[in-house]
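The following exercises each set a task and then work through a solution step by step. Please keep the sequence and the structure in view while reading.

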Amino acid sequence: MRITRFINELCLLKDRASCSKNEKKASKHIFELFGLLGISAVVDEFKSQKSHTGELVLILLIFIAAIYASFTSPWTGVVIHTAGLILFLGYFTNQFKPFAPLFRHSISTNVIGRIRNESAPIKVVISAHHDTARSGLLWHPKMVSGFRISFLSGVALLVLAEVILISRISMQNSLVLDSVLILIGVYICIQIIVLIYSRFYGIPVQGANDNASGVAVMLDLAARLKDNNFKDIEFWFVSTGSEESGAVGMRSFLTHYQEDLGKNRTFFIVLDNVGSGTLHYHTAEGMLNLYPFSKKLINAASETASRPQFKDVTAAKYRLAYTDAIIPASKGYHAILLLATDGDGNIPNWHWETDTVEHIDFELVQKTSDFVLDMISRLHQTESANRELQEQIQDMIAG
C-alpha cells in the first residue's frame with residue numbers, strides 16, 4: 001500500500017526536528033516522491049527558529065520583571081505586566097508575534113507540488129507538516145491529558161496577577177496579595193524551567209503519527225488526483241516545515257504565494273495526526289479564541305461523514321494546541337482541519353517517544369485519504385452548481 005511505504009520511508013530518518021538536517025532530508029525525499037508521482041514540485045527555503053521556546057520564555061520573563069518591579073513601583077509593574085499579557089495573547093491567538101524574528105536564524109523548507117490548471121476558478125491546497133517535535137515534561141503521558149486544563153489555569157493566574165497589580169496601586173501593602181504574587185512568580189519560573197529543560201533535553205521523536213501520517217495522506221491524494229476529472233479545481237500539495245516551532249512554514253507559504261491564492265476561491269485541507277484514534281473533521285480551532293473553519297468545507301465533510309463507511313467520523317473543535325490550519329483560517333481563507341484523537345479527546349502518543357510506526361493504524365490513514373477525496377468531490381459539485389446558477393442569472397439579467 002502506497003501510504004504504508006510513505007510513512008515507513010519518512011520514519012527511517014528517526015526524527016525530523018524543525019530546521020534539522022533530517023528535516024532537510026525529509027523535504028528532499030518528499031520532493032523526489034512528487035517526481036516519482038509525475039507531479040512538478042519546488043522546495044522553498046525560509047528562515048525559522050528551531051523551537052518556540054525562546055519566544056515563550058522571553059514573554060514569561062516579562063511577567064517576572066513586572067512582579068519584581070511592582071514591589072518598588074506598582075505603576076511600573078502594571079505597565080510591564082499589561083505589555084506581557086498583550087504579547088501572550090498575541091502569541092496564543094496567532095494575531096502577532098513581534099519576538100519571532102529575533103529567533104529566526106535557521107533554515108527550514110516547504111515542499112510544494114502542483115497539478116496545474118490555470119483556468120480553474122478554485123484552488124484546493126492539501127497540506128501536512130513533515131517536521132517533528134521533541135518530547136518533554138509537558139508531553140509526558142501522565143500529564144498530557146491535563147494539558148488544556150493546565151494551560152487555562154496558567155492563563156487564569158496571569159489574569160489574577162494583573163488584577164492584583166492594579167489593586168496594589170490604590171491599596172497599602174498586603175501580605176496576602178504580595179504572597180500570592182510571589183507564588184505566581186514561582187509558578188512562572190517553574191514553567192520557564194520546564195520549557196528550557198524540554199528544549200535541550202527532550203528527545204526528538206520519530207513522528208509517525210505527528211505527522212508522517214498526514215504527509216502520507218497528502219502524497220496519496222496527489223497520486224489519486226493527478227488524473228482527476230475535477231475541471232474546476234487546481235490542486236496544490238504543501239508539505240510544510242517548522243510547524244512544531246510556530247507554524248512558520250505555513251506562514252511562509254501564504255506570504256510567498258498570496259498573489260496566487262485568492263481568499264474567496266482557495267480551500268485549505270490540513271492533515272495532522274491522522275494515524276491513530278478516531279478521525280474528526282474540525283469546525284474551529286484555537287487555544288484561546290476560536291477561529292471558525294469554512295462552512296463550505298464543513299458542509300462537504302458533513303455530507304461525506306453521512307456515508308456508511310465514514311459513520312464514525314464526527315465534528316469536533318480543536319483546542320489542545322495549534323496546527324497549520326489556524327494560519328489560513330485567521331487570514332480569512334477557507335480552511336478545515338482533519339485530525340484524530342482517542343476516546344478522551346487527546347492525541348495518541350503526542351510528542352512522545354512512542355510515536356512510532358508500530359503504533360500507526362494504517363487503515364485509519366487510508367480512510368482519511370478516502371474521506372478527503374470524497375470531500376473534494378462534494379465541494380466540486382457544489383461549487384460547480386453554484387457557478388452555473390450564477391452564470392444563468394447573469395445571462396437572464398443581460399438578456
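**Exercise 1. Find which residues serine 27 touches, not counting residues up to four places away in sequence.**

Step 1. Serine 27 is found in helix α2, where helices (H or I, at least four residues) and strands (E, at least two) are DSSP runs numbered from the N terminus.
Step 2. Serine 27 touches Thr109, Val111 and His130 once residues up to four places away in sequence are set aside, and contact here means heavy atoms within 4.5 Å.
Step 3. Serine 27 has a relative accessibility of 2% and therefore counts as buried, given that buried means under 20% relative accessible area, exposed over 50%, and partly exposed in between (1.4 Å probe, protein chains only).

This is a predicted model, in which local features need pLDDT of at least 70 and side-chain atom pairs count only at pLDDT 80 or more, while totals for chains, interfaces and linings use all residues. Residues are numbered from 1 along each chain as its sequence is written, and side-chain values use heavy atoms, with hydrogens and water left out.

**Exercise 2. Describe how helix α2 packs with helix α1 and with helix α7.**

Step 1. Two packed helices are described by the angle between their axes and the distance between the axes. The axes are lines fitted to C-alpha atoms, for helices over the stretch in contact, and angles run from 0 to 180 degrees between N-to-C directions.
Step 2. The axes of α1 (residues 2-11) and α2 (residues 21-36) come within 10 Å and cross at roughly 155 degrees. That makes α1 roughly antiparallel to α2, since angles under 35 degrees count as roughly parallel, over 145 as roughly antiparallel, 65 to 115 as roughly perpendicular and the rest as oblique.
Step 3. The contact joins Arg5, Phe6, Glu9 and Leu10 in α1 to Ala26, His29, Ile30, Leu33 and Leu36 in α2. By class, the residues of this contact of α1 with α2 are six nonpolar, one polar and two charged; Ala, Val, Leu, Ile, Met, Phe, Trp, Tyr, Cys and Pro count as nonpolar, Asp, Glu, Lys and Arg as charged, and the others, Gly among them, as polar.
Step 4. For α2 and α7 (residues 208-225), the packing angle is about 20 degrees and the axes are 10 Å apart. The helices α2 and α7 are therefore roughly parallel to each other.
Step 5. Here Ile30, Leu33 and Phe34 in α2 meet Val215, Met218, Leu219 and Ala222 in α7. The contact of α2 with α7 has seven nonpolar, no polar and no charged residues.

**Exercise 3. Work out how strands β3 and β5 are enclosed and which strands they pair with.**

Step 1. In β3 (residues 122-129), eight of the eight residues are buried, so β3 is largely enclosed by the rest of the structure. Ile122, Val124, Ile126 and Ala128 point one way, whereas Lys123, Val125, Ser127 and His129 point the other way.
Step 2. In β5 (residues 266-271), six of the six residues are buried, so β5 too is largely enclosed by the rest of the structure. Both of its faces are covered, with Thr266, Phe268 and Val270 on one side and Phe267, Ile269 and Leu271 on the other.
Step 3. Two strands pair if DSSP finds at least two bridges between them. Eight bridges join β3 to β4, which run parallel, and histidine 129 has threonine 240 in β4 as its bridge partner.
Step 4. Five bridges join β3 to β5 in parallel, with isoleucine 126 opposite isoleucine 269 in β5.
Step 5. Strand β5 also pairs in the parallel sense with β9 (residues 334-341) over five bridges, and phenylalanine 268 stands opposite alanine 335 in β9.

**Exercise 4. Decide whether proline 292 is buried or exposed, and locate its contacts.**

Step 1. Proline 292 lies in strand β7 (residues 291-292).
Step 2. With a relative accessible area of 61%, proline 292 is exposed.
Step 3. Leaving aside neighbours within four places in sequence, proline 292 is in contact with Thr283, Ala284 and Ala329.
Step 4. Proline 292 and lysine 317 are 25 residues apart in sequence, and their C-alpha atoms are 9.0 Å apart in space.
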